[in-house]
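Welcome! Here is a short tour of one protein model, arranged by topic. Take a look at the structure first, and then read on.

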Amino acid sequence: MTPLWTLAVALLCAQSGLSERLLEPAAGKKPHIVMILVDDWGWANVGYHRETPTPEVHTPNFDSLCKMGIELDNHYAFKYCSPSRSSLMSGRLPIHVNIVNADPYLYNPKDPVSGFSAIPRNMTGMASKMKAAGYAAHQVGKWDAGMATPDHTPAGRGFDSSFGYFHHANDYYTQRTKDGCPVFKHKVNITDLWITDHPATGMNGTDYEEAMFKKQVLEVISSHPSSTPLFLYYAPHIVHAPLEVPDEYTERYQFIDNMGRRKYHAMVAYLDDVIGNLTKALQDKGMWDDTLIVVSSDNGGPIQNAANNFPLRGGKYTNWQGGVRVNAFVSGGMVPDEMRGKKLDGYVALADWYATFCSLAGVDKYDERAKAAGLPPVDGLDMWPMLSGQNMTSPRTEIPLSPGLISGDYKIMVGLNELAIWTGPQFPNNTVANNNATVDCGTAGCLFNIKTDPYEHTDLAQTSPTMLEHMQQRLAVWEATAFNPDRGKLWPGACDVAVNRYGGFWGPFLP
C-alpha cells in the first residue's frame with residue numbers, strides 16, 4: 001500500500017469511528033460474526049430442502065449447521081449478484097443502492113459520489129460499522145460491490161484485510177476474467193485477484209481459487225485473538241460459473257450424465273467441505289460458543305446453468321420465487337437454546353443483516369456520512385429480537401423486487417418475466433421443453449398469494465382486483481423512492497491502470 005493510500009483509508013476509518021454512536025450490544029456481549037454469502041446456490045441444491053434424500057445433493061455440514069440453528073424460510077435477495085452484495089454491505093434495499101449488475105468499472109466524472117458501479121462512495125460499509133464497535137474485520141472471496149476507487153474496495157469499506165476478486169466471476173484456476181478488456185484497446189487477459197491494497201501478484205494460477213479462499217479463511221480464524229470480536233465476511237466463488245472443480249469431486253458424481261449438473265453438484269460438495277473446515281476451526285480456537293454464523297445465497301440458482309430450485313418457480317435473473325427466495329439460516333453457539341431447530345417464516349432481506357449486526361455489535365446503524373451526501377438512509381431492520389425469541393414476528397413486511405413487490409402475503413410482478421417454469425426434483429425435468437417460457441404481466445401486473453401458493457401457480461390479477469389495486473399503489477410508493485444515479489460508462493482508464501500500473505491485474509483506477 002502506498003503511504004497516501006494508507007493514510008486515506010486510515011483517515012476514513014477514523015472519521016467513521018468518531019461519528020458512530022455506540023450502544024449496548026443486543027445480546028449482552030459482542031459475538032464473533034461470520035457472514036457466508038454463497039453464489040448462485042439453488043434452493044434444491046442443499047440437503048435440508050430435500051424431503052426425499054437424493055445422491056445428487058450431499059451437504060452434511062450445511063445441513064448440520066441448519067439443524068442446530070434457525071432456518072429462515074422466507075429470506076430474500078435480489079435476482080442477481082452485484083445488487084445483492086451492494087445491499088448486504090450497505091444496509092440498503094437494492095432499490096436504494098444498486099439494481100445494476102454492471103462490471104465494476106463504470107464511471108461518470110460528473111458525479112463523484114454515485115457515478116460508479118455498485119455502492120455510492122459515501123455510504124458507510126458494514127465493516128466500518130463493525131470496526132467502530134471494536135471488531136477486527138476480514139473479507140475473503142467475491143466482492144462485486146465496487147472497485148473504482150480505494151473507497152470502493154473492501155479496505156475502503158472498513159475491512160482490515162481482504163483477499164478476493166472484484167468482478168462477477170473469474171476463472172477458478174487462472175483467476176483471469178473471461179473477456180479481458182474486449183471493448184477497449186487492451187485485448188490481453190486481465191487477472192482479478194486482490195489482497196487488501198495491492199494485486200495478488202504471484203498467487204494467481206497457483207491453486208483452485210476456492211482452495212485459496214479456504215486457506216485464507218482458516219488463517220484469519222487461527223491467527224485471530226479470541227478476546228477481540230471478529231467479523232468475517234466469506235463470499236465463496238462457488239457455485240457461480242465457470243463450472244470448475246477438482247477432479248476428485250467430479251468423480252463422486254459420475255452417475256449424473258449431464259456434465260454441467262455433475263460439476264455443479266461437485267462444487268456444492270466442495271463448498272460443504274470448506275464449511276466443515278471453517279466450523280471446526282472456530283471450535284478448535286474456542287470461539288464457537290460466542291459465534292453467530294449467517295449463511296445465505298446471493299440469489300436463486302441459475303436453472304439455465306445446472307442449478308435446481310425445486311419446487312420454486314424460475315431462477316436467477318428473474319423475480320419468480322426461485323430467483324429471489326434463497327437458502328438461508330443462522331447457526332453457531334450464540335443461537336439461544338430455545339430457538340435451535342426452528343424454522344421461521346418471517347420475511348428477512350439481505351439488507352437487514354447490516355442493522356442486525358450493528359445491533360449485536362453495539363453501534364447505531366444510522367449513516368451520517370450518507371446523509372451529508374444526500375444519499376438514501378439505511379433500510380435494514382434488526383432481526384435479533386426475532387432470532388433470539390424475544391418475539392416471533394419479523395419487523396419486515398415488504399420487499400421491493402425492482403420491478404415488483406412483496407407485501408404481506410402477496411406479490412406483484414410486472415413486465416416480461418422469463419424462466420416461468422418449475423424444475424423437477426432432478427433437474428432438468430421442466431414443465432416445458434426448454435427454459436424459454438415467458439409470462440407477460442404488463443404494467444398492471446400479475447398477482448400471487450405466496451403464502452397459500454408459494455410456488456406461484458395461480459395468477460389472481462383477474463379474480464382479486466381490489467388486492468391488485470392495493471399492490472399497484474404500494475409498488476408505486478416504492479418506485480417513487482428509487483435511487484437511479486447516472487453511473488456513467490465502462491471507463492477505458494480501468495484497463496490502462498490494470499495493464500500499466502498493476503501488471504495485468506484489476507484494481508482501483510481512480511484516486
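Where does Val239 lie? Val239 is in the loop between β9 and α6 (247–250), where helices (H or I, at least four residues) and strands (E, at least two) are DSSP runs, numbered from the N terminus. This is a predicted model, in which local features need pLDDT of at least 70, side-chain atom pairs count only at pLDDT 80 or more, and totals for chains, interfaces and linings use all residues. Residues are numbered from 1 along each chain as its sequence is written, and side-chain values use heavy atoms, with hydrogens and water left out.

**Cis peptide bonds**

- The peptide bond that runs from Ile238 to Val239 is cis, and its omega is near 20 degrees.
- Ala241 and Pro242 are also joined by a cis peptide bond, with omega about 0 degrees.
- Pro242, too, has its place in the loop between β9 and α6.

**The nonpolar cores**

- A nonpolar core is a set of buried Ala, Val, Leu, Ile, Met, Phe, Trp, Tyr and Cys residues joined through side-chain atoms within 4.5 Å.
- Here, buried means under 20% relative accessible area, exposed means over 50%, and partly exposed is in between (1.4 Å probe, protein chains only).
- The largest nonpolar core has 119 residues, and Phe231, Tyr233, Tyr234 and Trp353 touch the most other members.
- Helix α7 (residues 259–284) gives this core its largest share, 12 residues.
- A second, separate core has 15 residues, including Ile95, Leu447, Leu460 and Leu475.
- Not counting residues up to four places away in sequence, Tyr234 touches Met35, Phe213, Val217 and Leu271, among others; contact means heavy atoms within 4.5 Å.

**Helix α5**

- How far apart are the end C-alpha atoms of helix α5 (residues 209–223)? They are 21 Å apart, which agrees with the 21 Å that its 15 residues should span at 1.5 Å a residue; the expected span is 1.5 Å times one less than the number of residues.
- Among the buried residues of α5 are Glu209, Glu210, Phe213, Val217 and Ile221.
- The buried residues of α5 pack against β5 (136–142), β6 (161–165), β9 (230–235) and α7.
- An α-helix has 3.6 residues a turn, so residues three or four places apart point the same way.

**Cavities**

- On a 1 Å grid over the protein atoms alone, a cavity is a set of points where a 1.4 Å probe fits but cannot get out, and lining residues have an atom within 4 Å of a point.
- Grid points are joined across faces, edges and corners, and a volume is the space filled by probe spheres set on the points.
- The model has 3 cavities of 30 Å³ or more, and the largest cavity holds about 90 Å³ of space.
- Of the 13 residues lining the largest cavity, Tyr76, Ala77, Phe78, Pro94 and Ile399 are the closest to its centre.
- At least two lining residues of the largest cavity come from each of α3 (81–90) and β14 (398–400).

**Positive phi angles**

- Asp144, a residue other than glycine, has a positive phi near 55 degrees.
- Tyr317 has a positive phi near 80 degrees and is found in the loop between β10 (291–297) and α8 (321–324).
- With a relative accessible area of 45%, Tyr317 is partly exposed.

Terms used
1 Å grid on protein atoms, 1.4 Å probe; cavity = no way out; pocket = protein on both sides within 12 Å on 5 of 7 lines; lining within 4 Å.
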